[in-house]
Amino acid sequence: MGAMSNVLRIPAARPADALAHFAARLTFEADVSDVHADLEAGVTGLVVIDSRSLPAWRQGHIPGAVHLPTAEIAGRAGELVPADATVVTYCWGPGCNGATRAAREFARLGRPVKEMIGGYEYWVREGFPVRTEAGLVRRPADDLTAPAGATCGC
């Protein structure tokens with residue numbers, strides 16, 4: 001008799017249910033590589049929102065992002081984000097749900113929105129540039145999050 005599987009203790013979803021689930025997740029989320037590629041390509045109709053505090057913003061942020069803390073979204077989104085734009089929110093990283101809260105606020109305003117999974121942490125860890133008070137800086141990519149000199153190909 002084989003060992004009891006921890007993975008299979010609860011069976012996998014039916015393929016049709018799995019398809020619906022994963023397709024839905026992709027409508028809610030974008031990863032840092034895709035956001036970076038769109039910003040580099042100059043894709044229009046996309047606004048990246050940094051929902052962190054002013055001290056966090058000053059520590060470093062994604063070039064081209066708009067600083068709009070979550071508590072200010074309801075009052076300032078209309079002046080900072082075009083009505084026809086899709087919003088991508090980010091906060092510190094996967095251990096923080098600030099981007100989720102910000103995305104919820106944009107959804108409450110009737111705006112199309114996605115959350116950037118991984119947040120600022122994974123943006124930095126993948127070696128993408130950040131803007132600081134000292135200018136544009138880039139740390140080496142962490143080989144645990146981004147293959148050296150290549151993309152993951154996903």
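## Sheet, cores and cysteines in a predicted model

Strand 1 and strand 5 (residues 113–117) run parallel and are joined by three bridges. Within this pair, glutamate 29 has glutamate 115 of strand 5 as its bridge partner. Helices (H or I, at least four residues) and strands (E, at least two) are DSSP runs, numbered from the N terminus.

The model is predicted: local features need pLDDT of at least 70, side-chain atom pairs count only at pLDDT 80 or more, and totals for chains, interfaces and linings use all residues. Residues are numbered from 1 along each chain as its sequence is written, and side-chain values use heavy atoms, with hydrogens and water left out.

The open sheet has five strands in the order 1-5-4-2-3, with parallel pairing. Two strands pair if DSSP finds at least two bridges between them. Strand 1 (29–31) and strand 3 (66–67) are the edge strands, each pairing on one side only.

The UniProt record (unreviewed entry) places "domain: Rhodanese" at residues 42–132; such annotations may be inferred rather than shown by experiment, and the positions follow the numbering used here, with feature names shortened. This stretch is 35% helix and 22% strand, and its end C-alpha atoms are 21 Å apart.

A nonpolar core is a set of buried Ala, Val, Leu, Ile, Met, Phe, Trp, Tyr and Cys residues joined through side-chain atoms within 4.5 Å. Buried means under 20% relative accessible area, exposed over 50%, and partly exposed in between (1.4 Å probe, protein chains only). The largest core has 15 residues, and those with the most contacts inside it include Val35, Ile62 and Trp123. Helix 2 (32–41), strand 4 (86–90) and helix 6 (119–125) each give two or more residues to this core; helix 6 provides the largest share, three residues. Ile62 touches Leu39, Val48, Tyr90, Met116 and Trp123, not counting residues up to four places away in sequence, where contact means heavy atoms within 4.5 Å. A second, separate core has twelve residues, among them Val47 and Val113.

The count of disulfides (cysteine sulfur atoms within 2.5 Å) is zero.

| Cysteine | Relative accessibility | Class |
|---|---|---|
| Cysteine 91 | 8% | buried |
| Cysteine 96 | 25% | partly exposed |

Threonine 145 is in the segment after strand 7 (135–137). Tyr122, Arg125 and Glu126 are touched by threonine 145, not counting residues up to four places away in sequence.
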